[in-house]
Amino acid sequence: MKPQSQSGAAPRTELTLRGLIIGIVITVVFTAANVFFGLKAGLTFATSIPAAVISMAILRAMKNSTIQENNIVQTVASAAGTLSAIIFVLPGLIIIGWWNGFPFWMSFGICATGGILGVMYTIPLRRALVTDSDLPYPEGVACAEVLKVGSGDEAAAADSVESGGAGLKAVITGSIVSALFYVIVQTKLFATSVSSYFRVGDKGAATGFDFSLSFALFAVGHLVGLWVGVAMLVGALIGWGWAVPHFLLLHPAAGSAMDVAQGAWSHDVRYVGAGTIGVAAIWTLAKLVKPVVTGLSGAMAASRVRKAGQLGTLPRTEHDMPIGMVGLIILLCLIPVAWLLGHFSVVSGLGSHAALLVIGGVLFVVILSFLVSAVCGYMAGLIGSSNSPLSGVGILVVIIAALLLVVGVKSLMPADAGKALVAFALFITAIVFAVASIANNNLQDLKTGQLVDATPSLQQWALVIGVIAGAIVIPPVMDLLNHAYGFLGAPGVDPSRALPAPQAGLISALAQGVITGNIDWSLIGIGALIGAAIILIDELLGLAGTSVRLPPLAVGLGIYLPTSTTLMVVVGALVGAWFDRRAERGPRAEATKQLGVLLASGLIVGESLLGVVVAALVAFSDKLGFRNHDAPLALVGKSFATPAIWIGGIAFVACVVVLYRWIWRMGHQTGGK
């Protein structure tokens with residue numbers, strides 16, 4: 001499609017077949033990487049910037065490419081990449097023992113219908129949270145700058161990196177380094193992490209720390225920024241400095257320091273984190289009522305202008321998909337949603353009340369999806385998509401779903417239907433979660449489009465295509481990883497090799513606790529009080545006009561994610577902040593900082609992709625003839641564990657120093673030239 005510009009100038013290339021194909025190919029790669037990384041670390045990464053860099057490197061070799069066509073490519077790839085956040089919920093059905101694998105059409109249906117609903121919801125939200133908002137959208141703005149430079153915009157290039165050259169070099173180098181490091185870790189020559197657990201006092205308390213030697217986690221820290229990293233550190237200190245020893249003093253346990261500390265964190269502290277995240281999500285919702293209403297009013301006004309035949313009077317950046325079509329697509333999506341809920345009800349033994357579950361479930365999806373889309377879109381605009389609030393939103397949604405099932409359905413069912421109700425709660429939460437995951441990232445894309453003069457309606461169709469592409473890729477990748485490793489807590493899985501899937505484990509535990517009545521609400525209440533205190537502190541910091549902030553959701557993440565995830569993210573945030581401040585003292589500050597962002601993106605992509613490859617080796621190790629099925633690449637045994645910690649730790653630090661010095665020099669020497 002080649003839309004006519006507002007001024008009547010010649011048509012330009014925007015939504016093209018080649019752009020869609022490139023976007024889908026990038027989608028396959030980045031979605032697979034995101035699925036693995038999310039199941040391992042509990043975090044996913046935004047794919048917009050690396051997708052834009054790769055797109056420009058390809059399209060610049062072709063004729064007549066434009067900045068808007070490049071924007072379509074990154075839009076397709078980022079839509080599918082963010083949909084991979086469904087792994088925060090869907091593995092819960094395996095963890096509770098309901099599924100043994102991921103049925104393709106059921107999993108595809110959840111991802112596709114939920115994802116398309118998410119695209120539709122972002123259309124009125126775009127006006128509230130992008131057009132009429134001063135939210136910074138860090139990743140969306142950064143991606144727009146990269147696109148401007150790659151298009152040959154000399155004004156932008158004056159203080160930016162030339163994305164097809166220096167920027168692409170940064171992404172590729174980061175990918176190679178992190179991939180090689182990950183492979184060496186799999187050989188056991190480098191340790192997986194540097195950890196220590198120890199007793200506190202003489203009354204049985206214990207705590208500890210675990211620094212994962214992961215370049216992907218380090219890079220996530222760089223991308224989310226200083227204050228998010230500091231907030232996660234505060235959460236980790238609350239969790240492991242106070243909560244773990246505190247609950248061990250209340251409930252002493254026998255065993256090693258590591259076992260008892262991990263047990264207290266898993267059984268008690270994570271629910272405190274759930275309470276903190278839940279309160280933070282509710283606070284975000286309350287702040288969004290006015291802008292959402294304003295956005296809906298703007299969408300209706302634009303629809304009236306379109307019907308009057310005066311669409312050309314609006315700027316190109318206001319040409320949304322018609323609101324009537326948006327409503328029709330939402331209604332059409334609700335048909336397969338109703339079928340999915342009905343089918344799941346029947347096969348789970350709840351068929352006698354299928355009508356109630358379907359009607360109530362569809363209403364639940366419609367209302368909760370819009371609310372969580374607003375929350376996730378706001379948080380993405382505030383602190384970026386990589387530091388996703390999806391975990392907290394998923395916790396709220398599954399608790400609400402489970403409570404509604406207890407109140408409205410449980411009394412009508414036989415006593416042994418509890419597990420089926422838990423599965424239904426997770427299933428419907430997964431649909432809402434797919435909606436939320438798209439809203440979490442798509443508003444970043446629409447912000448990028450606004451800054452590069454893209455046509456929103458074409459970008460919105462590209463988002464739909466990206467969702468469908470991602471929905472095709474995600475189920476087989478999840479099935480592969482389940483077969484290779486399994487998920488922690490699932491029946492019959494070896495915990496030493498299982499993927500943690502932290503959010504899925506927590507959300508499934510919450511669903512079970514609410515429906516069976518075994519949940520300890522006091523733990524969630526403690527977390528809620530902590531969350532309220534953090535909100536108060538953050539608001540006071542905002543009123544003081546300081547740049548220092550303490551995002552409540554990030555604090556909650558720090559409490560309930562393991563230190564093997566949070567601490568390296570904190571290190572990355574501190575190093576990234578130091579690098580950016582050093583860059584600001586130089587002559588080409590923005591060029592250097594952009595290279596840092598692209599390097600971090602490459603570090604994430606390289607490790608994550610190799611993680612998928614190694615998963616395939618583990619899954620097919622029998623057929624490939626590996627003797628060590630759990631670690632097919634291992635070259636040394638457990639006796640090498642201590643040297644591996646020292647060698648791996650020193651190598652990790654050396655790589656960080658060398659990479660950042662190289663990026664700093666390249667930013668100052670080339671400056672985009």
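Phe 218 counts as buried, at 1% relative accessibility (buried means under 20% relative accessible area, with a 1.4 Å probe and protein chains only). The model is predicted: local features need pLDDT of at least 70, side-chain atom pairs count only at pLDDT 80 or more, and totals for chains, interfaces and linings use all residues. Residues are numbered from 1 along each chain as its sequence is written, and side-chain values use heavy atoms, with hydrogens and water left out.

A search of the whole structure finds 20 aromatic pairs; rings of Phe, Tyr and Trp (its six-membered ring) pair if their centres lie within 6.5 Å, and planes over 60 degrees apart count as edge-to-face. Two of them are listed here.

| Pair | Centre to centre | Between the planes | Type |
|---|---|---|---|
| Phe 181 and Phe 215 | 5.1 Å | 85° | edge-to-face |
| Phe 218 and Tyr 660 | 6.0 Å | 80° | edge-to-face |

Phe 218 lies in helix H9 and Tyr 660 in helix H24 (residues 641-670), so their pair ties together parts 442 residues apart in sequence. Helices are DSSP runs (H or I, at least four residues), numbered from the N terminus. Phe 181 in helix H8 (residues 163-186) and Phe 215 in helix H9 (residues 215-224) are 34 residues apart. Phe 181 is buried at a relative accessible area of 4%, Phe 215 at 1% and Tyr 660 at 5%.

One aromatic cluster is formed by Phe 181, Phe 190, Phe 215, Phe 218, Phe 579, Phe 652 and Tyr 660.

Conventions
Phe/Tyr/Trp six-rings, centres within 6.5 Å; stacked < 30°, edge-to-face > 60°. Helix = DSSP H or I, 4+ residues; strand = E, 2+ residues; numbered from the N terminus. Buried < 20%, exposed > 50% of the residue type's maximum accessible area, 1.4 Å probe, protein only.
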